[in-house]
Amino acid sequence: MHTEPTPPEVGTPAVMDQLVVSMPDVAEIAQVERPVVSTWRRRYAAADRPFPAPVAEGPDGSLRFRAVDVADWVEATGRGNNPHFRADVALRASFAVTDPDRARRLQDGLAAMFCLKDLAERPLGDLDADDLLDLADELDPEDAFLYTETADLGRDLRTAAELADLAADAAYTPGRAADALADGHHRARRQVPASALVPTALRLAARVAAQIHEDGPVADPYPGAGDLLRAVLAAHDGIDVPTALLPRGHRAARRRLVAHGWDVGTLTADGATPLPPGDALVVSQLPPTGSPEQPVLEVLAQLEELVLGLGEHQRAVVVGPANALTDALDGAAESVRSGLLRTEKLRAVVLLPPGMIVDRSRQRLALWVLGAPPSGVAIAERWTMVADLSDRSVPELLDATIVEDLLTDVAASLGGPRDVASHAFRFARFVRMAPLLAAGGSIVAAGRRPISGIREDDGATALRIRELGAALDGGPRPPLGLAVRRSAATGVRRAPLWALTEQRRLKQLAGNRVDPDLVVDAPSRDAALLRVVGVPELTGQREWGTRGVDRLRLVASNPSGRLTEPGDVVFTVAPYPVAVVDHDGFSVVEYPAQILRVLPPAPTADGVTPDAVVVPAVLARDVTAQPSGAKWWRAWETRLVPADQADEVARVLRTVSERAAAARRELLALDELAGTLADGVTAGVVGMRLDGGDPL
């Protein structure tokens, strides 16, 4: 059985006196929730051994505590869940310096010390300053990534070396210590780099890269902080790890990779564009980690350089924003991406769910797999694979089965017609490039247009509808008047809601933030009251129309508030997806409920009117049928109705809905009658006759 090695216990080296930790750091090291540390400070303030007092403030005004004092307190009180608290402090603490320039030099110098750890044959703390500089010169004779950082430490050189020893021991390897430093754990809660991917996204992209990479180095023309390249190399761990190739510069990313003991080379450049060798797999994240969010045209410009720089048989994996890689574009951006598609190097597209970027939880990412077009396939028949995982949750992508099925889909898509024909695809659909280029718009929407679920039932559905209609028409209520006929099966046509919004066939409107003090019970409609519809009405906790808000008071408190229109679909994603059609309109939708408004279908650019449309009642049923965990409404699918049947279908479904509502009201009244009757008789306040005569 494998057991994790026990980190060495450390005493209190001199360097520990120069380290401070923040309260989030303490919680992370002690393996407790953040509020627990606040409780320690408050509860033990008057104890014989109080929690240490703060000694400084960080750049953001948060408190800092001497690392040694906190380690002493945790060991003396036995608090927390980490028996190796003192050793792990070296991984999370930061230097107690106020000069930002010195803090930066210490940070970069510490990363350089991690690179020297593998080269040194003894602890760095045993070497004097001259020995450390000689070691840095030996490892980096051209000063490509660490010699300057080592020399710039000056009088802090020995201090950084001692801390590197402690941190590397606590992390078990210099590479892991370098990762902790790069991830921002070592310094006291600095800001996460812009565009940083969550570990799930990095692992998924790395697995895809490893799946399609047979031999040769791995190059990243835009490495940023090196997160993606590090993940790809780590995915090869346990076998021969390929050489990493970076452009000149990018010293921090190079230091991080060297600290792992990996070979790192330099990409040559023709002008401003790095050129990876023909046997290299290219991986990149756009915009690179650490870069601010970029306009779509800038992302596409970087992507264009990468695609045009690929060799004839070279492959690449690119992660970037979906609004550039997959969503519908127009103008110059559409022209640039169409040019990239015409290279026929795009072999697979994977749309990922929101939550893949640390600091942008709602932004969607997409993954492109690039490679040579399939040989022996006519240009008109060439394809790209489209996989839509946008309705998955981030934890779901950790599921080994999902990852393995996606990897086999991607691998098969890079093969020829025989590979495609023999593989049972789970996530992928195929789109021919010629129609895709002709149609424009969203790449993923094009991949979801094919008709699916064709069913021939020999008239069974029509017969069952007649039977149900006849049974319902036999009662005292007005007949439904259904007239159905058997028709030829044409299949179930579906479309994701995000594609319908892009095509301007559907519009989403946010709910109103209504002051709860303004909402009143409205058992009977009052001309001055507007009906309030929110989560209670959608989930059945309140009957529709039993809450209202005064029209004038609402306008005064929320001038930009909006009302529903007849036929709007009111829905919510929490606590679970559910939707209802507001046939009458003029309701106030209470946040977090939202509105989906069906827009009349407009002719396409070539003047063709869609032959299948969205019907609100069908949309509401499809929303309510979503799994309880499906929280991203844009990824939901709805069924489309033939345009020549839409009006009749809407009318009949409304009639059925009204009959169902009346039946529910009758059931509630009968249930209340039974309960009141039982209560009254048992209390002796009413009497009953069994013969149907006058009541007593």
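I began with a bridge: Ala56 has Arg64 in E3 as its bridge partner. I am working from a predicted model, where local features need pLDDT of at least 70, side-chain atom pairs count only at pLDDT 80 or more, and totals for chains, interfaces and linings use all residues. Residues are numbered from 1 along each chain as its sequence is written, and side-chain values use heavy atoms, with hydrogens and water left out.

I then looked at the strands around that bridge. E2 and E3 pair in the antiparallel sense over two bridges; two strands pair if DSSP finds at least two bridges between them. Strand E1 (residues 19–22) also pairs with strand E3 (residues 63–66), antiparallel, over three bridges. There, Val20 stands opposite Arg66. For the labels, helices (H or I, at least four residues) and strands (E, at least two) are DSSP runs, numbered from the N terminus.

**Aromatic rings**

How many aromatic pairs does a search of the whole structure find? I got six. Rings of Phe, Tyr and Trp (its six-membered ring) pair if their centres lie within 6.5 Å; planes under 30 degrees apart count as stacked, over 60 as edge-to-face and the rest as tilted. I picked out Tyr44 and Trp73, an edge-to-face pair at 5.6 Å centre to centre with 70° between the planes. This pair links distant parts of the chain, 29 residues apart: Tyr44 is in the loop between helix H2 (34–43) and strand E2 (56–57), and Trp73 is in helix H3 (residues 67–77).

Are these two buried or exposed? Tyr44 counts as buried because its relative accessibility is 15%, and Trp73 counts as buried at 1%. Buried means under 20% relative accessible area, exposed over 50%, partly exposed in between (1.4 Å probe, protein chains only).

**Cores and an enclosed helix**

Next I checked the largest nonpolar core, which has 56 residues. Such a core is a set of buried Ala, Val, Leu, Ile, Met, Phe, Trp, Tyr and Cys residues joined through side-chain atoms within 4.5 Å. Val21, Val37, Trp40, Phe85, Met113, Phe114 and Leu124 touch the most other members. Helix H8 (residues 157–171) gives the most to this core, with nine residues. I also noted a second, separate core of 43 residues, which includes Ala201, Ala206, Leu365 and Met385.

Helix H9 (residues 174–182) has seven of its nine residues buried, so it is largely enclosed by the rest of the structure. Among the buried ones are Pro174, Gly175 and Asp179. The buried residues of H9 pack against helix H4 (85–92), helix H5 (100–119), H8, helix H11 (227–235) and helix H12 (251–259).

Last, I followed an open sheet of four strands in the order E17-E24-E21-E22, with antiparallel pairing. Strand E17 (506–509) and strand E22 (578–582) stand at the edges with a single partner strand each, so one side of each is left without a neighbour in the sheet. Four bridges join E17 to strand E24 (residues 594–598), and Leu506 stands opposite Val598 in E24.

Key. Contact = heavy atoms within 4.5 Å.
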